[in-house]
Amino acid sequence: MDIQLKKGILDVCVLYALSKGESYGYKIISDLEGIIEISESTLYPILRRLEVGGYVVTKAAEYNGRLRRYYKITGLGYEKFDAGKADLLEINAIYKKIYGGRL
């Protein structure tokens, strides 16, 4: 799969998980289980990129004696999530036209 396309899909998936509420890395991975497979080594660069872009904000809080970083989607993040949905619907329409809905 084209790396830029995959990056966009992964961004939308992470924003989807965060649209359900504030979360942390391991929980985001768990929440995406059955949707897309994503590892920690893939997730954290995505979260950093989303944070730099202003799509998520972070806060650190202590949990069981350790600091845990929590991520929360922003208004701009919801806009990106909605735009990603439109992109995925367009990709799906193209797929159906080319392959008639068959794999």
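**Figure 1. Ser 23 and its bridge partner.** Tyr 71 of E3 is the bridge partner of Ser 23. The model shown here and in the other views is predicted. Ser 23 itself belongs to strand E1. With a relative accessibility of 2%, Ser 23 counts as buried. Apart from neighbours within four places in sequence, Ser 23 is in contact with Leu 18, Ile 28, Asp 31, Arg 69, Tyr 70 and Tyr 71.

**Figure 2. The open sheet.** Three strands make up an open sheet, ordered E1-E3-E2, with antiparallel pairing. E1 and E2 are the edge strands, each pairing on one side only. Between E1 and E3 the antiparallel pairing runs over two bridges. Strands of a sheet pair through backbone hydrogen bonds, in either a parallel or an antiparallel sense.

**Figure 3. Val 56 in strand E2.** Val 56 is placed in strand E2, which covers residues 56-63. Its relative accessible area is 2%, so Val 56 is buried. Not counting residues up to four places away in sequence, Val 56 touches Leu 15, Leu 18, Leu 47, Leu 50, Glu 51, Tyr 71, Lys 72, Ile 73 and Thr 74. Arg 66 lies 10 residues from Val 56 along the chain, and the C-alpha atoms of the two are separated by 22 Å.

**Figure 4. The largest nonpolar core.** This core has 20 residues, and those with the most contacts inside it are Val 14, Leu 18, Ile 28, Leu 32, Ile 38, Leu 43 and Leu 47. Two or more residues each are given to the core by helix H1 (3-19), helix H2 (25-31), helix H3 (40-52) and E3. H1 supplies the largest share, eight residues. In soluble globular proteins, nonpolar side chains tend to be buried together. Leu 47 touches Val 14, Leu 18, Ile 28, Val 56 and Tyr 71, leaving out residues up to four places away in sequence.

**Figure 5. Aromatic pairs.** The count of aromatic pairs comes to three. In one of them, Tyr 24 and Tyr 70, the ring centres are 5.8 Å apart and the planes stand at 80°, so the pair is edge-to-face; planes over 60 degrees apart fall in that class. Tyr 24 lies in strand E1 (residues 23-24) and Tyr 70 in strand E3 (residues 66-73), so this pair ties together parts that are 46 residues apart in sequence. Tyr 24 counts as partly exposed, at 22% relative accessibility, whereas Tyr 70, at 15%, counts as buried. The rings of Tyr 95 and Tyr 99 have centres 5.4 Å apart and planes at 40°, so that pair is tilted. These two residues are four apart in helix H4 (residues 75-99), and about one helical turn separates them. Tyr 95 has a relative accessible area of 26% and is partly exposed. Tyr 99 is also partly exposed, with 46%.

**Figure 6. Charged side chains over tyrosine rings.** Arg 68 lies over the face of Tyr 63, at 3.8 Å from the ring centre. In a second case, the charged end of Lys 80 sits over the ring of Tyr 55, and the distance to the ring centre is 5.0 Å.

**Figure 7. Helix H4 and what covers it.** H4 has 25 residues, which at 1.5 Å a residue should span 36 Å. The end C-alpha atoms of H4 are 36 Å apart, in agreement with that value. Gly 77, Phe 81 and Gly 84 are the buried residues of H4. H1 and E3 are included in what covers these buried residues. Gly 100 follows H4 and has a positive phi, near 65°.

**Figure 8. The chain as a whole, for orientation.** The chain has four helices and three strands. From the N terminus on, the order of the elements is α-β-α-α-β-β-α. The C-alpha trace spans about 55 × 25 × 25 Å along its principal axes. Of the 103 residues in the chain, 26% are buried. Among contacts between residues at least 6 apart in sequence, 47% join residues at least 24 apart.

Note on methods: Residues are numbered from 1 along each chain as its sequence is written. This is a predicted model: local features need pLDDT of at least 70, side-chain atom pairs count only at pLDDT 80 or more; totals for chains, interfaces and linings use all residues. Side-chain values use heavy atoms; hydrogens and water are left out. Rings of Phe, Tyr and Trp (its six-membered ring) pair if their centres lie within 6.5 Å; planes under 30 degrees apart count as stacked, over 60 as edge-to-face and the rest as tilted. Buried means under 20% relative accessible area, exposed over 50%, partly exposed in between (1.4 Å probe, protein chains only). A charge sits over a ring if NZ of Lys or CZ of Arg is within 6 Å of the ring centre and within 35 degrees of the ring normal. A nonpolar core is a set of buried Ala, Val, Leu, Ile, Met, Phe, Trp, Tyr and Cys residues joined through side-chain atoms within 4.5 Å. Contact means heavy atoms within 4.5 Å. The expected span of a helix is 1.5 Å times one less than its number of residues. Two strands pair if DSSP finds at least two bridges between them.
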